[in-house]
Amino acid sequence: MNPASWQAMHSFTRDSSVTSQRLKPGTVRRIASYARPYRGDLVLFMIATSLDAVVTVAVPLLLGLIVDKIEAKDTRAVLTIAGVVAGVALFDAFLSIAQRWYSARVGEGLIYDLRTEVFRHVQQQPIAFFTRAQTGSLVSRLNSDVIGAQQAITSTLSGVVSNALSLILVLAAMFYLSPLVTLAALVLIPVFILPARALGRRMQRLTRESMQLDAAMGSTMTERFNVAGAMLVKLFGRPAEEADVFSGRAARVRDIGVVTAMYGRVFFIALVLLASMATALAYGLGGALVIGGSISLGALVALASLLSRMYGPITALSNVQVDVMTALVSFDRVFEVLDLKPLIGDRPGATALPRTGPATTASLAPPGELAPPDAMSTPDVMSTPDAMSTPDAMSTPDAMSTPDALAALAPDIEFDHVSFRYPAASEVSLASLESIALPAPEHTGASQQVLRDVTFRAPLGRLTALVGPSGAGKTTITHLVSRLYDPGQGVVRIGGHDIRDVTQDSLHDVVGVVTQDAHMFHDTIRANLAYARPGASGAELEQACRAAQIWDLIAALPDGLDTVVGDRGYRLSGGEKQRIALARLLLKAPSVVVLDEATAHLDSESELAVQRALKTALAGRTSLVIAHRLSTIREADQILVIDDGQVRERGRHDELLAAGGLYAELYRTQFASQEPLPAA
């Protein structure tokens with residue numbers, strides 16, 4: 001199948017419904033802005049494409065001229081023209097290479113620009129965006145839609161220009177050689193186009209169904225081939241059922257593939273048949289004209305050769321609206337993501353949040369031990385990792401060795417009449433990125449309020465524990481501290497600074513977070529730890545791991561720090577993951593620690609190790625902890641009892657227990673069982 005025939009067939013498989021979609025105003029102008037950096041390459045690409053179209057017409061005319069010179073027995077002219085044909089063939093080969101070169105430069109450059117821009121933009125979206133968007137849809141925007149958008153500039157544009165120019169030149173040459181033969185050949189076009197459109201509609205439906213089934217199978221594999229999904233399937237004894245469902249979908253894709261292949265062959269045969277019939281018509285009618293002396297034999301040969309170059313462009317251009325709209329819609333889908341404004345962003349004139357807390361590896365040392373003097377520095381010189389190694393950066397060992405000294409540097413956390421509701425889908429996401437669209441808009445009234453008029457202060461350098469029933473709003477409070485969301489009303493302050501007035505980078509440098517299910521990338525322990533500080537040395541990694549009570553286990557592994565943790569860290573136990581997460585936190589050395597305890601699911605040995613690591617991690621830092629263990633609650637300097645989005649009670653353990661309120665009830669139902677048994 002020649003390129004023009006393949007392009008024509010591929011065009012008919014595209015979904016014609018795209019022509020009914022309305023593009024946003026300015027889409028074409030916006031597309032042009034992406035092509036502007038490549039305008040020089042595009043000009044050369046279009047010149048090469050145009051010259052290739054000229055060559056398409058020139059070769060048949062030269063072959064016709066050779067035939068006439070053969071009839072005239074002009075040997076010199078025959079050899080000269082044959083040499084010209086060979087030269088044109090070499091020039092055409094050069095043009096093909098040039099087209100491919102400039103097409104690749106422009107196309108791959110556009111893919112790079114769009115992919116990096118979409119990836120960077122998606123990274124700036126709030127966490128609510130990722131809780132709603134389907135991962136597969138996001139990946140599709142970075143892959144399928146970006147490539148489709150690239151084709152608008154390269155394949156579609158060049159195809160339209162090449163086919164249009166080729167058709168104009170071919171028809172002009174044919175009308176010049178014989179208007180009668182040309183008109184007769186054009187009469188045959190509807191005989192092919194009408195059945196081809198009907199066949200194309202059927203191929204469109206099959207292609208759409210195949211793409212949907214492929215997406216469903218891809219989603220199934222993504223969910224079942226990760227550790228959690230595979231474990232769920234095995235534990236519920238459903239491997240056979242899953243295989244049957246997948247097999248059914250794969251069988252349908254197989255059947256569609258067979259039918260589509262047959263339709264494609266029928267399409268190609270019909271195109272070849274049309275060209276053969278037109279050639280027969282040209283030789284029959286043209287032969288009569290040659291015998292009658294109306295045209296030369298060379299003209300007849302040229303006409304027959306030009307006919308084979310006429311039907312492909314005509315067929316492709318008959319569906320050009322679908323091709324162009326398909327490419328433009330891909331661009332529109334990419335722009336749809338780029339136009340989604342992040343809810344969380346730096347305000348104009350935002351300043352850096354002062355890093356007023358522990359900022360050196362000195363704080364990594366377990367209680368009773370001091371870090372080496374060269375590992376310590378004052379907070380003012382911690383803006384870059386290199387500052388840690390300079391002599392001027394060193395301080396005396398006792399400057400940062402005690403929790404009281406650390407506490408003097410840590411900022412406080414203040415919630416001032418904070419109210420909050422989670423944003424609706426329309427505020428943070430796109431319906432096209434969600435696997436399930438709600439039939440009606442989400443309710444956003446008072447019932448959606450998660451926090452209501454929350455006011456408290458977490459003292460600097462002290463431990464504040466959050467307790468309360470599930471769904472009370474504890475996790476939401478921790479999300480507001482790290483500015484994963486902004487409050488609807490009220491202010492969250494750290495060290496007296498409204499966190500909306502400081503840069504996000506500086507805020508995340510000051511605030512360290514450990515979630516209940518500590519996430520690990522499918523990489524080595526070293527890489528997961530270094531995520532907190534990419535330039536950390538091996539000695540610093542070891543020191544952080546020792547402080548987190550995990551170094552002995554890592555050192556016992558055959559590959560040590562280079563051990564791969566597996567998908568989401570599933571090769572590690574819960575306690576090991578938690579301690580590595582704490583080591584990562586210690587390596588970051590934040591002034592404020594936000595922690596969701598995970599010790600409720602650990603065995604006693606792991607729990608003891610994690611508790612020791614926590615004592616090191618929280619020492620001297622302003623800490624906000626969602627507490628699940630009685631030991632943490634007893635050591636808290638302040639306990640906040642959260643219920644129904646409000647602070648119901650506050651105080652220390654003994655005070656709240658004596659008050660006999662909600663905390664006392666929670667203690668009896670959740671924590672009393674953790675009390676040690678009395679000695680016999």
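Reader: What should I know before I start?

Author: Residues are numbered from 1 along each chain as its sequence is written, and side-chain values use heavy atoms, without hydrogens and water. In this predicted model, local features need pLDDT of at least 70 and side-chain atom pairs count only at pLDDT 80 or more, while totals for chains, interfaces and linings use all residues.

Reader: Which residues make the nonpolar surface patch?

Author: A patch takes residues with over 30% relative accessible area and no salt bridge, joining nonpolar side chains (Val, Leu, Ile, Met, Phe, Trp, Tyr) within 5 Å and like charges within 9 Å. Here Val43, Leu44, Ile47, Leu51, Phe91 and Phe94 form one of about 520 Å². Helix H3 (39–71) gives the largest share, four residues.

Reader: Is Phe91 buried or exposed, or in between?

Author: Buried means under 20% relative accessible area, exposed over 50%, and partly exposed in between (1.4 Å probe, protein chains only). Phe91, in helix H4, counts as partly exposed because its relative accessibility is 35%.

Reader: Which residues form the positive patch?

Author: Lys and Arg count as positive. Arg197, Arg201, Arg202 and Arg205 form this patch. Arg197 sits in helix H8 (residues 189–224) and, at 32% relative accessibility, is partly exposed.

Reader: How many bridges join strands E9 and E10?

Author: Two strands pair if DSSP finds at least two bridges between them. E9 (residues 638–643) and E10 (residues 646–651) are antiparallel, with five bridges. Ile642 has Val647 in E10 as its bridge partner. Two residues separate the strands of this hairpin, and Asp644 in the turn has a positive phi of about 55°.

Key:
Areas by Shrake-Rupley, 256 points an atom, 1.4 Å probe, with all protein chains shown as cover. Salt bridge = Lys/Arg side-chain N within 4 Å of Asp/Glu carboxyl O. Charge placed at Lys NZ, Arg CZ, Asp CG, Glu CD.
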